[in-house]
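Please keep the sequence and the structure in view while reading the points.

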Amino acid sequence: MLKTLMQIGRVGVVSEAPPAPDPALRLGQALRKEIARVFGRALAIRQVDAGSCNGCELEIHALNNPYYNLEGLGIKFVASPRHADLLLVTGPVSRHMEIALKRTYEAMPEPKWVIAAGDCGCNGGIFGESYASRGPVARVIPVDVQVPGCPPEPLALLRGILTLVSAAADTGG
Amino acid sequence: MVSSAARFSPLPGAVPAGLTDLEAGELRAFCERWRAEGASLMALWASDERDRGGGFRLHLAFLDDRGLRVARVALAESAPEYPDLSDLFPAAARMQRAAFDLTGVRALGGDPRPWLRHAAWPADWFPLRRDAPAPAPREPQPEVYDFVAVAGDGVHEIPVGPVHAGIIEPGHFRFSVVGEKVLRLEERLGYTHKGIEKRFESLSLTEGARLAARVSGDSAAAYAWAYCMALESLCGVAPPPRALWLRALLVERERIANHLGDLGALGNDAGFAFGLAQFSRLKEQVLRDNQGAFGARYPFDYIVPGGVARDLDEAQWQTLWTQLLPLQDEARRLRAIYDDHGGLQDRFAGCGRISPELAVRLGLVGLAARASGQTRDLRCDFPCAPYDRLAVNRVTHPGGDVAARVAVRFDELFESLRLCRAILEHLPDGAVRAELPPAATDRPGCGAVEGWRGPVLVALEAGPDGRIRRCHPHDPSWQNWPALEYAVIGNIVPDFPLINKSFNLSYSGHDR
């Protein structure tokens with residue numbers, strides 16, 4: 001126990017400041033201001049791998065490490081889509097995951113948002129569209145924000161998430 | 001034994017490999033002999049050779065004391081069939097089903113259920129047949145799959161997935177339980193199948209390296225190296241020494257990053273969140289140094305045909321060098337904390353055990369096999385450059401439980417840190433990329449690399465004009481997923497996440 005406490009003391013707090021939102025990541029119309037106001041930054045995310053190579057998952061995991069400290073911003077990953085405000089989707093959508101992805105989206109309460117993460121989620125990536133792959137996430141469910149990258153870095157993912165929830169970045173009304 | 005050895009003709013390349021052609025009628029007799037000699041089945045796949053007047057072909061890759069053994073079996077166009085091999089090599093069962101789903105080549109007497117095919121394409125349409133017409137547009141439909149039912153008083157089923165409760169890849173687990181005790185687990189995988197083998201056939205040999213790196217992102221360096229090794233075998237060229245040392249550096253750093261991540265997650269799954277916070281911090285430092293030295297946290301495209309994409313300059317070398325010893329000190333401190341933590345060791349010890357005998361019987365590979373008393377490690381058994389100069393220390397543990405898989409990760413982590421220091425210290429000078437002559441089209445090329453999870457295999461055939469004719473990437477998860485079904489028997493349901501994480505198998509690498 002003493003060793004554990006000493007280690008915690010030795011390391012201290014390594015968390016870093018979050019990035020600024022970037023309206024350029026938005027897809028389609030801007031968010032309604034009141035939604036952003038109600039949620040503030042208290043956001044529950046359900047992540048779905050719809051067919052990724054698992055590279056994006058590595059960087060999504062990193063959001064929870066002490067440097068990015070996502071939970072410190074009031075944002076957390078939840079186990080059920082019924083508890084989620086935001087669906088974070090990776091991968092080209094494999095045809096075998098198409099129904100599961102749609103059902104997950106439908107199980108979420110309104111209002112709800114979707115981020116497509118990674119080059120594959122944004123445009124199908126190197127896998128494209130085929131007998132086995134539907135390609136980009138937006139072909140299967142509505143997408144609000146796209147975060148490209150192969151894999152996208154944690155800061156890019158964080159920027160995408162904060163872009164969604166930041167009322168300041170909202171240009172609509 | 002001599003007669004079976006004499007039939008193999010050597011294949012050029014970084015790993016010792018031989019090739020033989022068999023008749024379907026003699027396949028089982030040879031497989032029985034190779035099994036008796038201690039060979040394990042590494043991969044099984046099929047190809048359509050009708051455009052070359054050859055019907056179909058079954059390919060099997062074995063690993064034994066002499067290296068990689070590739071056997072090819074010509075199958076008639078009218079009846080592309082061969083005898084079931086799953087009684088000899090249990091790992092063959094799912095590979096045979098997958099080979100049928102993709103090519104229509106059938107194992108007679110094997111499990112007739114589909115494996116990689118769910119409901120996305122019809123049962124009589126085979127994506128890897130060269131004359132397969134474009135598939136008709138198909139509405140997504142749910143799959144009906146014939147799970148094995150367990151009957152008895154008080155038995156009920158728990159279906160889990162494909163969407164899991166965390167940040168995890170998708171797959172389905174069907175538990176049959178009494179109370180909290182698991183009687184049986186049946187896996188249903190294939191959800192992330194994205195047609196990678198078919199996609200390869202639309203790429204040039206050079207472009208293929210990018211796709212190979214994305215078969216399983218957590219093993220990108222191992223896959224990219226295995227692919228390039230296969231291509232360089234076809235081209236009859238070896239990359240410059242410096243490039244090979246840099247490739248090994250990246251593969252060892254990939255092992256370090258994954259082991260750090262798993263060690264943290266295993267602590268977390270046993271209720272010790274401190275472990276996740278600490279190890280994920282160390283992993284983040286490794287990734288940031290990757291960014292500094294290789295230009296990306298996950299440099300998927302650093303390993304390229306002929307060598308590596310960029311050289312390491314003095315400052316980048318320094319970035320990597322200065323990090324290694326502090327990282328080792330930190331990991332040692334954390335290991336002492338893990339070892340002393342009674343609650344943690346209670347959860348790890350005896351949980352999800354695969355005995356050494358079962359590991360042999362199932363053909364377990366890689367990290368999980370070494371945690372069940374097995375010794376195979378390509379870096380030690382068939383050390384290609386630079387491993388031939390590094391004398392990699394083999395890590396093995398007889399326990400077979402979660403605790404053993406944790407111990408092997410710690411030991412391999414420290415060994416990889418040592419290897420990274422040795423690589424940086426003795427990094428040869430010179431070029432980092434060689435020109436590739438045209439690839440041979442009359443033989444396959446093989447690449448095999450000991451990734452962090454186990455041996456990654458890529459078998460490659462070149463077509464005319466520098467295109468890929470056939471590429472089969474094989475993930476060690478194929479062998480180890482069935483073992484997970486055994487490891488959970490008799491354990492309680494709440495221990496499943498911990499047992500599963502202790503194997504940490506790839507869904508994407510398996511589903512392809």
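The numbered points below go through the chains, their contacts and some local backbone features.

1. This is a predicted model, in which local features need pLDDT of at least 70 and side-chain atom pairs count only at pLDDT 80 or more, while totals for chains, interfaces and linings use all residues. Residues are numbered from 1 along each chain as its sequence is written, and chains are lettered from A, with ligands numbered from 1, in the order in which they are written.

2. Chain A contains 6 helices and 5 strands, where helices (H or I, at least four residues) and strands (E, at least two) are DSSP runs, numbered from the N terminus. Read from the N terminus, the order of elements in chain A is α-α-β-α-β-β-α-β-α-β-α. Of its 173 residues, 54% count as buried; a residue is buried if 20 or more other C-beta atoms lie within 10 Å of its own, exposed if 12 or fewer, and partly exposed in between, with C-beta atoms placed from the backbone.

3. Helix α1 of chain A, residues 2-11, is hardly covered, for the count of buried residues among its 10 residues is 0. Just after α1(A), A:Gly12 takes a positive phi of about 70°.

4. How many residues does each chain bring to the contact between chain A and chain B? Chain A gives 41 residues and chain B gives 45, a contact being two residues whose C-beta atoms, placed from the backbone, lie within 7 Å. On the side of chain A that touches chain B, the elements giving two or more residues are α1, β1 (43-49), α3 (55-62) and α4 (98-107) of chain A, and α3(A) gives the most, with 6 residues. By class, this side of chain A has 21 nonpolar, 14 polar and 6 charged residues; Ala, Val, Leu, Ile, Met, Phe, Trp, Tyr, Cys and Pro count as nonpolar, Asp, Glu, Lys and Arg as charged, and the others, Gly among them, as polar.

5. The domain assignment of chain B gives domain 1 (2-108) and domain 2 (196-427 + 439-506), with bounds that come from an automatic or database domain assignment. Taken over C-alpha atoms, the centres of the two domains of chain B are separated by 26 Å. Their contact takes 25 residues from domain 1 of chain B and 23 residues from domain 2 of chain B. The largest share of the domain 1 side, 6 residues, comes from β3(B), and by class that side has 19 nonpolar, 5 polar and 1 charged residues.

6. Strand β3 of chain B, residues 40-48, is mostly covered, with 9 of its 9 residues buried. β3(B) pairs with strand β4 of chain B, residues 56-64, in the antiparallel sense over 8 bridges, where two strands pair if DSSP finds at least two bridges between them. Within this pairing, B:Leu44 has B:Leu60 in β4(B) as its bridge partner.

7. In chain B, 3 strands form an open antiparallel sheet in the order β13-β14-β15. Why is one side of β13 and of β15 left without a neighbour in the sheet? β13 (445-450) and β15 (468-474) of chain B stand at the edges, each with a single partner strand, so one side of each has no neighbour there. Between β13(B) and strand β14 of chain B, residues 455-462, there are 6 bridges, and B:Gly447 has B:Val458 in β14(B) as its bridge partner.

8. The largest nonpolar core has 207 residues, and those with the most contacts inside it are A:Ile115, B:Ala224, B:Ala226 and B:Tyr227; such a core is a set of buried Ala, Val, Leu, Ile, Met, Phe, Trp, Tyr and Cys residues joined through C-beta atoms within 7 Å. Domain 1 and domain 2 of chain B both give residues to this core, so it lies between them. Leaving aside neighbours within four places in sequence, the contacts of B:Ala226 include B:Gly447 and B:Val458.

9. Most residues other than glycine have a negative phi, and most peptide bonds are trans. A cis peptide bond joins A:Cys150 and A:Pro151, with omega about -10°, and another joins B:Gly161 and B:Pro162, with omega about 20°. A:Asn69 has a positive phi near 45° and is partly exposed, with 18 other C-beta atoms within 10 Å. B:Ala391 also has a positive phi near 45°, and B:Ala391 counts as exposed, with 11 C-beta neighbours inside 10 Å.
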